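Thanks, everyone. Let me put the structure up, and then we'll go through the helices and the cores.

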Amino acid sequence: MYNEEEALPALVSRVRPVLDGLGVAHEVIAVDDGSGDRTAELLAAFRLGWPELRIISLRRNSGHQAALTAGLDRSAGAYVVSLDADLQDPPEKIPEMLALARAEGLDIVYGVRADRSSDTGFKRWTAGLYYRLMRRLAGPSVLAQAGDFRLLSRAAVDALKALPDQQRVYRLLVPWLGFPSGQVTYERAPRTAGRTKYPLGRMIRLAVDSVTGFSAAPLRLATWLGAGAFVVCLGLLVYTLTAFALGRTVPGWTSLFTGLVFIGAVQLICVGLLGEYVGRIYTAVQNRPTYFVRNDTSAPEAETPADKPRVPAPRG
C-alpha cells in the first residue's frame, strides 16, 4: 500500500471477516511502501485490535513490485495471497483460491479479471495490448488479465525468493516457474477510494521492464532495423550513382537528406534498445537491495537477510 489512508478502513472491514472465517492460523502482512500520508498511523491503530496484523514499513517508496518482494520475503505461511489495498481485487475470493489449491494440489492460483468494465477504455486497451505482447514474447503460460492478485504455495514463494532478479515483474516470473496452477475469475471493481498509484508513466515502465527482462526480441528488432537501413542505403547508392551518371546530382539532395535522417533515427533507436539492456546489467552488477525496511512490527530490532544485498555465491 502507498498513500492508502482513505481505503484502509474499507480494506480492514472486508479482509478481516474473510480470513477469520477460514478457521485457520494466519497473519496479514501490510507493506507500507513509504507512504507520506496517515497510512502508517492508521495501520498502527488497527493493529491494536487485530493481533494477526503485521506491519512492514519501507524507508522510501520502492515501487509496487519491490513492496511485493518485501512481503513475500517475510511471509511464513503455507500459502500466501498478494492483494493490493485499493480493493479492485476482491478479498472474498481468497477462500475459493485456498480451497482450489488444496483440492487439486496446486502451487499457484491466479485471480483472472473476467470483467474490466469498471476500468476506462484506455486502461482496458493498454492492458489488452500488454498481455498480448507478453504472451507473444514470454509464452502462452502468461494468463491474459491476470495481475498480482494470486495465491502461492510455500514452495512457489521459496522458488521466487531464490531467483536473482532485481527488477522483478511477478506477473511474468510466476508463470515462468512452471508450477501446477489454476485460476478463479472475478469482476474487477472500481477503486474503493483515493487515486490510482499506477499512472501512465509507471505502466510504461512496467512494460519496458517486462519486455527487457524476459525477451531479447528488442535486440533482434535492432538487428532487423539495421538490415532494413542497409537495404535502403543500397537503394540510395544506386539512385546516387544513376543521378551522377546522368548529371543530376543537385536534385539528389532531398533523397540524401531523407536517407541521413532515416539512418540517424535507426541508429538512435538501436542505441536506446542497447541502453535498456546495458542498464539492466549495470543494475545487476551493483547488486543493491530493491528495498530497505524501516520497521517490522514482528522484529523491530532485527535486521533480516532481505535488508541486505543478495551476493552471488562464489564459483568453483
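Helix α1 crosses helix α2 in a right-handed sense. This is a predicted model, so keep that in mind throughout. α1 covers residues 8-20 and α2 covers residues 39-48. Their axes lie 11 Å apart, at an angle of about 30°. Who makes the contact? From α1, Leu8, Pro9 and Val12; from α2, Thr39, Leu42, Leu43 and Phe46. By type, that contact has 6 nonpolar residues, 1 polar and no charged.

Now the largest nonpolar core. The count is 26 residues. Those with the most contacts inside the core are Leu11, Trp50, Leu53, Met97, Val109 and Leu151. Which element gives the most? α1, with 6 residues. Other elements giving two or more include α2, α4 (94-104) and strands β1 (28-32), β2 (53-58), β5 (146-153) and β6 (181-187).

Take methionine 97. Leaving out residues up to four places away in sequence, methionine 97 touches Val81, Val109, Tyr110, Gly111, Phe149, Arg150, Leu151 and Val184. Another core lies apart from the largest one. That core has 16 residues, among them Val80, Val157, Leu160 and Val174.

Next, helix α3, residues 64-74. Is α3 enclosed or open? Largely enclosed by the rest of the structure, because 11 of its 11 residues are buried.

Glutamine 65 has 9% relative accessibility, so it counts as buried. Its side chain makes a polar contact of 3.0 Å with the side chain of histidine 64.

Definitions and conventions
Residues numbered from 1 in each chain as written. Predicted model: local features only at pLDDT ≥ 70, side-chain atom pairs only at ≥ 80, totals over all residues. Heavy atoms only, no water. Axes fitted to C-alpha atoms, helices over the stretch in contact; angles between N-to-C directions. Helix = DSSP H or I, 4+ residues; strand = E, 2+ residues; numbered from the N terminus. Left-handed = near helix turned anticlockwise from the far one by under 90°. Contact = heavy atoms within 4.5 Å. Nonpolar A, V, L, I, M, F, W, Y, C, P; charged D, E, K, R; others polar. Buried < 20%, exposed > 50% of the residue type's maximum accessible area, 1.4 Å probe, protein only. Polar contact = N/O pair within 3.5 Å; in protein donor to acceptor, adjacent residues only side chain to side chain. Core = buried A, V, L, I, M, F, W, Y, C linked by side-chain atoms within 4.5 Å.
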